[in-house]
Amino acid sequence: MNIKSAFQLIIPKLKKLKITSATIDAEVILSFITAKSKEFIYGHPEYKLTAIQEKKLTSAIARRCRLEPVAYITNQKEFYGLNFYVDKNVLVPRPETEILIDEVIKIAGKNQNKLKIADIGTGSGAIAITLKKYLPKSEITATDKSAKALAVAKLNAQKQKIKIKFILGDLTNPIKGKSYDIIVTNLPYLPNSDKELKGLKYEPNLALYGGNNGFELYLKCFKQMNKFKINFKYLICEIDCRYTVKLKKLIKDYFPYHQISLIKDLSGKNRIIKLETK
């Protein structure tokens with residue numbers, strides 16, 4: 001089997017399952033299996049796969065047809081121009097989360113030398129590591145309650161050759177009494193009812209679901225921040241647009257002296273809530 005025939009095998013199978021990313025998935029899987037660049041994949045359709053590569057391809061197609069994320073099949077995901085290791089212990093980084101990175105970099109401006117940043121619920125470490133990569137003089141602390149997730153985050157930090165302070169603990173519990181210029185968080189915000197969605201069954205529930213109403217973890221986080229007297233100039237949260245009104249009310253209850261603003265994603269939906277000290 002060559003690359004051309006592999007494409008002809010993969011794409012129709014995935015399209016039959018209504019997987020809209022069929023062509024991109026085929027490209028990523030083939031690039032991973034052959035250890036060749038995307039440019040090589042498209043430029044050498046006659047390239048013949050080895051018997052071992054064909055076996056890996058068969059396995060990869062079967063996994064993708066069961067709707068397993070391509071990132072778990074290849075154990076890698078690109079985020080903000082960086083390549084991250086991912087596995088079943090962490091959420092696959094989403095493109096919309098790059099908006100959060102954009103906002104922090106915009107806030108940082110020319111003052112990154114003095115920035116202290118905390119990433120709450122770091123997961124794969126994608127947010128914290130990306131911020132450290134683009135704001136190298138900043139001091140970044142990242143927390144997570146999952147030891148397995150932190151192991152993945154530490155591995156990614158090593159791959160990117162950067163230093164971040166990783167702390168095991170529930171939400172803001174590990175940073176009691178601390179002060180930060182910016183606190184960022186992308187807490188699980190899907191309601192438990194979304195567990196019926198087949199495409200999410202492979203990712204860890206701990207990283208996806210925010211209780212029956214979808215924002216229980218944000219409520220818990222806000223309570224902790226008040227209780228533990230955690231100070232900040234900016235708090236930036238990725239959210240589910242369905243809960244914009246409720247989250248704004250919660251924020252006003254817990255942080256009445258902060259200015260609230262919303263940032264939309266490329267589809268025009270509210271994606272980021274930003275709090276700023278007045």
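Student: Is Thr130 buried or exposed?

Tutor: Burial is read from relative accessible area (buried is under 20%, exposed over 50%, partly exposed in between, with a 1.4 Å probe and protein chains only). Thr130 has 0% relative accessibility, so this residue counts as buried.

Student: Before we go on, what sort of model is this?

Tutor: It's a predicted model, in which local features need pLDDT of at least 70 and side-chain atom pairs count only at pLDDT 80 or more, while totals for chains, interfaces and linings use all residues. Residues are numbered from 1 along each chain as its sequence is written, and side-chain values use heavy atoms, leaving out hydrogens and water.

Student: Where does Thr130 lie, and which residues is it in contact with?

Tutor: Secondary structure comes from DSSP runs numbered from the N terminus (helices are H or I, at least four residues; strands are E, at least two), and contact means heavy atoms within 4.5 Å. Thr130 lies in helix α7. Leaving aside neighbours within four places in sequence, Thr130 is in contact with Phe79, Tyr80, Leu82, Phe84, Ile101 and Gly125.

Student: How many aromatic pairs does a search of the whole structure find?

Tutor: Rings of Phe, Tyr and Trp (its six-membered ring) pair if their centres lie within 6.5 Å; planes under 30 degrees apart are stacked, over 60 edge-to-face, and the rest tilted. The search turns up 9 such pairs. Phe79 and Tyr80 make a tilted one, 6.5 Å centre to centre with 45° between the planes, and both residues are buried. For contrast, take Phe232 and Phe255: their ring centres are 5.4 Å apart and their planes at 75°, so that pair is edge-to-face. Phe232 sits in strand β7 (residues 231–238) and Phe255 in the loop between α11 (244–254) and β8 (258–264), so the pair ties together parts 23 residues apart in sequence. Phe232 is buried at 8% relative accessibility, as is Phe255 at 4%. Ring pairs also link Phe79, Tyr80, Phe84 and Tyr134 into a cluster.

Student: Which charged end sits over the ring of Phe40?

Tutor: A charge sits over a ring if NZ of Lys or CZ of Arg is within 6 Å of the ring centre and within 35 degrees of the ring normal. For Phe40 that's Lys36, 4.9 Å from the ring centre. Over Tyr180 you'll find Lys116, 5.4 Å from the centre.

Student: Which residues touch the most other members of the largest nonpolar core?

Tutor: A nonpolar core is a set of buried Ala, Val, Leu, Ile, Met, Phe, Trp, Tyr and Cys residues joined through side-chain atoms within 4.5 Å. Of the 31 residues here, Val104, Ile117, Leu131, Ile164, Ile182 and Val184 touch the most other members. Elements that each supply at least two residues of this core include α6 (98–108), α7 (126–134) and β6 (179–185). A second, separate core has 30 residues, among them Ala118, Tyr180, Cys221 and Tyr243.
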